[in-house]
Amino acid sequence: MSAHQHAEGLLSHEPEKATAEGRNKILGFWLFLGAETVLFGTLFSAFVALRHNVGDGPTASELFELPTVFAATMILLFSSLMSVFAVQAMHRHQVKAMIGWLVATVVLGLGFLGLEIYEFNTYVSEGHKMNTSAFSSSFYTLVGFHGAHVAFGVLWITLLILQILKKGLTVVTAPKIYVSAIYWHFIDVVWVFIFTVVYLMGKVAG
Amino acid sequence: MSDNHSSVSEGQSRHHKVEGPRKHIVAFVLSLVLTLIAFAAVSAGEINTTFTYIILVGMAMMQVFVQLAFWMHMKDRGHAFPIIGISFGVIIVFTMVIMASYWVWW
């Protein structure tokens with residue numbers, strides 16, 4: 001794709017694709033995302049099938065607060081944009097700017113997690129526990145699994161920042177940054193379906 | 001090693017142009033607008049339920065397409081195998097969700 005005849009020691013425009021190992025890492029990560037899609041698909045289909053079985057617990061439209069969900073959506077969307085800017089800074093070899101964008105990504109990810117913990121805490125106090133109904137179990141499994149992915153992403157990107165500080169941007173570290181950005185966007189894509197199928201459709205169904 | 005190089009790549013493009021942020025900001029604004037339409041359709045609360053569902057699914061599909069194409073670089077060259085990989089996942093998911101909603105839900 002890009003011309004690779006650059007001087008010794010200089011990074012190419014897209015350092016994540018400079019080596020066969022880097023390119024294989026990206027392809028392998030896409031296959032992993034295919035499997036992740038199936039994983040979330042099973043959780044979504046369980047939720048869709050069980051969402052009206054509320055038992056004695058509250059229904060979706062009684063429970064969900066759209067302003068909170070909207071705030072969480074915005075935080076994650078902005079976080080995804082920060083991650084895009086990090087990869088663009090990497091392509092310009094601006095390591096300091098890249099680290100700045102990655103820190104912003106992580107901070108927004110933590111904000112999302114905080115909001116989700118607050119939200120789940122409120123639901124539990126309103127009598128919507130993991131074992132309340134088939135609806136509550138499938139809800140916490142699906143949304144909680146997504147939250148766990150966000151938590152893992154925050155940890156992963158934090159460790160990558162530390163590694164970049166120690167080793168700098170090289171053809172070994174660049175694919176890791178690129179792949180973590182793809183992961184972070186994937187988490188945002190899953191959230192698009194969660195706020196659509198779980199929250200907004202739950203609110204509409206009444 | 002990488003710091004002293006940044007001035008070179010910024011000063012002039014060598015073999016290829018460095019991609020600007022513009023199309024990513026366009027993708028962001030598109031995602032924002034699609035999200036706002038979805039939330040507004042539900043908040044308005046006066047629209048027919050089936051029609052709201054259609055709006056919601058339509059907005060979600062478009063936003064996912066925008067994000068996959070631009071932010072996850074799937075529209076870039078050399079993404080034939082990633083497209084095959086993720087498509088398998090998506091096909092299985094659609095089968096599962098349609099089964100769940102058609103056989104169990106209704």
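1. In which helix of chain A is confidence lowest, and in which is confidence highest? The mean is lowest in helix 2 (residues 60-63) of chain A, at 90, and highest in helix 5 (residues 134-167) of chain A, at 97. Confidence here is pLDDT, the predictor's score for each residue, from 0 to 100. Helices (H or I, at least four residues) and strands (E, at least two) are DSSP runs, numbered from the N terminus.

2. A word on how to read this note. This is a predicted model, in which local features need pLDDT of at least 70 and side-chain atom pairs count only at pLDDT 80 or more, while totals for chains, interfaces and linings use all residues. Residues are numbered from 1 along each chain as its sequence is written, and chains are lettered from A and ligands numbered from 1 in the order in which they are written.

3. Chain A has six helices and zero strands. Its C-alpha atoms occupy a box of roughly 70 × 30 × 25 Å along the principal axes. The average pLDDT of chain A is 92, with 95% of the residues at 70 or above. Residues 1-8 of chain A are the stretch to watch, as their pLDDT stays under 50.

4. After helix 3 of chain A comes A:His93, with a positive phi near 60°.

5. Chain B averages a pLDDT of 79, and 79% of its residues score at least 70. Helix 1 of chain B has the lowest mean, 42, whereas helix 2 of chain B has the highest, 92. Over residues 1-14 of chain B the pLDDT is below 50. Where pLDDT is low, the predicted coordinates should not be read in detail.

6. Now to where the chains meet. Two residues are in contact if their C-beta atoms, placed from the backbone, lie within 7 Å. By that rule, 50 residues of chain B touch 48 residues of chain A. On the chain B side, helix 1 (3-11), helix 2 (22-44), helix 3 (49-71) and helix 4 (80-105) each supply at least two residues. Helix 4 of chain B gives the largest share, 16 residues. For the complex, the predictor reports an ipTM of 0.86 and a pTM of 0.88.

7. One helix pair deserves a look in the viewer. Helix 6 (residues 173-205) of chain A and helix 3 of chain B have axes that come within 10 Å and cross at roughly 175°. Axes are lines fitted to C-alpha atoms, for helices over the stretch in contact, and angles run from 0 to 180 degrees between N-to-C directions. Angles over 145 degrees count as roughly antiparallel, and the two helices are therefore roughly antiparallel to each other. Among the residues that meet are A:His185, A:Val192 and A:Phe193 from helix 6 of chain A, and B:Tyr53, B:Leu56 and B:Trp71 from helix 3 of chain B.

Terms used
Parallel < 35°, antiparallel > 145°, perpendicular 65-115°, else oblique.
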